[in-house]
Amino acid sequence: MKRRGIVYSFVLALGVAVLLAFPLGLRTPAQGTGTPPLRDMVREYEPVTMAGATAYSVYTTNAAVPHQVWYRISGGDALFRQRLRVYQENAAPRPINQLPPESELRREITTNAPTGWFLMPTETGVFTYYFDGDNRLTPSSPWRNAFGVRVKRTRFTNGNLYQVGFEDQETLDDYNDLELEIAIIQPA
């Protein structure tokens, strides 16, 4: 009987821990084990540099067709500490350098070490996904925005792959301090 009580207590504690880790109503991306299912490369585009940009966004192109967004940190060579914040908003893109409210934040990663792929839930409709690169000088200093973004886009038959690099110093131009890969899967 005592053993059964211990098991019940463990199961109850585990349930409470899961509820605390995943608040009701918050849809967080899952970490996947594979790679984005992009098929048949169509075209590679030249990199585009956006000096002064603090974040990068991707959005749906067909509101009637389901889509899924994958992303990962692929690395970085930074002098300062890096942070990636990922937002998902059920709306068209905002003006440049304007992020959604904190209620739309889906993940925060405070490193530029490579990660596995994260998968956002499959959605249908108009959505915009914001990838915000920040940095700070010391562990206790405030986070500050990136000074620019460089993006290389590759088009596939069923979506796009974006290679994104953030710059953490106004005077440098290497755009490799925080590097991401973002895939949006949405058949045309």
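**Pockets, cores and salt bridges**

The largest pocket holds about 220 Å³ of space. The model is a predicted one. Lining this pocket are 14 residues, and Tyr59, Thr61, Asn160, Tyr162 and Ile184 are those nearest its centre. Strand 4 (55-59), strand 11 (148-156) and strand 12 (159-167) are the elements that give two or more residues to the lining. Strand 4 contributes the most, with four residues. By class, the lining of the largest pocket comprises seven nonpolar, five polar and two charged residues.

The second largest pocket has about 170 Å³ of space. Its lining includes Met50, Ala55, Tyr56 and Ser57, and also the run Arg94, Pro95, Ile96, Asn97, Gln98 and Leu99. Here too strand 4 gives the most, in this case three residues. The lining of the second largest pocket is made up of seven nonpolar, three polar and one charged residues.

Next come the nonpolar cores. The largest has 24 residues, and Tyr71, Leu84, Phe131, Tyr162, Val164, Leu180 and Ile182 have the most contacts inside it. Several strands supply at least two residues each, among them strand 5 (68-75), strand 6 (81-89), strand 9 (128-136) and strand 13 (178-185). Strand 13 provides the largest share, four residues.

Charged pairs complete the picture. Side chains of opposite charge can pair when their charged atoms come close. The structure holds eight salt bridges. In one of them, Glu181 pairs with Arg72, with 2.5 Å between the closest N and O atoms. This bridge links distant parts of the chain, as Glu181 is in strand 13 and Arg72 in strand 5, 109 residues apart. Glu181 counts as buried because its relative accessible area is 11%, under the 20% limit. Arg72, at 26%, is partly exposed.

Arg85 takes part in two salt bridges. With Glu102, the closest N and O atoms are 2.7 Å apart. Because Arg85 lies in strand 6 and Glu102 in the loop between strand 6 and strand 7 (105-109), this pair ties together parts 17 residues apart in sequence. With Glu108, the corresponding distance is 2.9 Å. Glu108 lies in strand 7, so that pair ties together parts 23 residues apart in sequence. Arg85 is buried, with a relative accessible area of 10%, whereas Glu108 is partly exposed at 40%. Arg83, Arg85, Glu102, Glu108 and Asp134 are linked in a network of salt bridges.

Methods: Residues are numbered from 1 along each chain as its sequence is written. This is a predicted model: local features need pLDDT of at least 70, side-chain atom pairs count only at pLDDT 80 or more; totals for chains, interfaces and linings use all residues. Side-chain values use heavy atoms; hydrogens and water are left out. On a 1 Å grid over the protein atoms alone, a cavity is a set of points where a 1.4 Å probe fits but cannot get out, and a pocket is an open set with protein on both sides within 12 Å along at least five of seven lines; lining residues have an atom within 4 Å of a point. Grid points are joined across faces, edges and corners, and a volume is the space filled by probe spheres set on the points. Ala, Val, Leu, Ile, Met, Phe, Trp, Tyr, Cys and Pro count as nonpolar, Asp, Glu, Lys and Arg as charged, and the others, Gly among them, as polar. A nonpolar core is a set of buried Ala, Val, Leu, Ile, Met, Phe, Trp, Tyr and Cys residues joined through side-chain atoms within 4.5 Å. Buried means under 20% relative accessible area, exposed over 50%, partly exposed in between (1.4 Å probe, protein chains only). A salt bridge is a side-chain nitrogen of Lys or Arg within 4 Å of a carboxyl oxygen of Asp or Glu.
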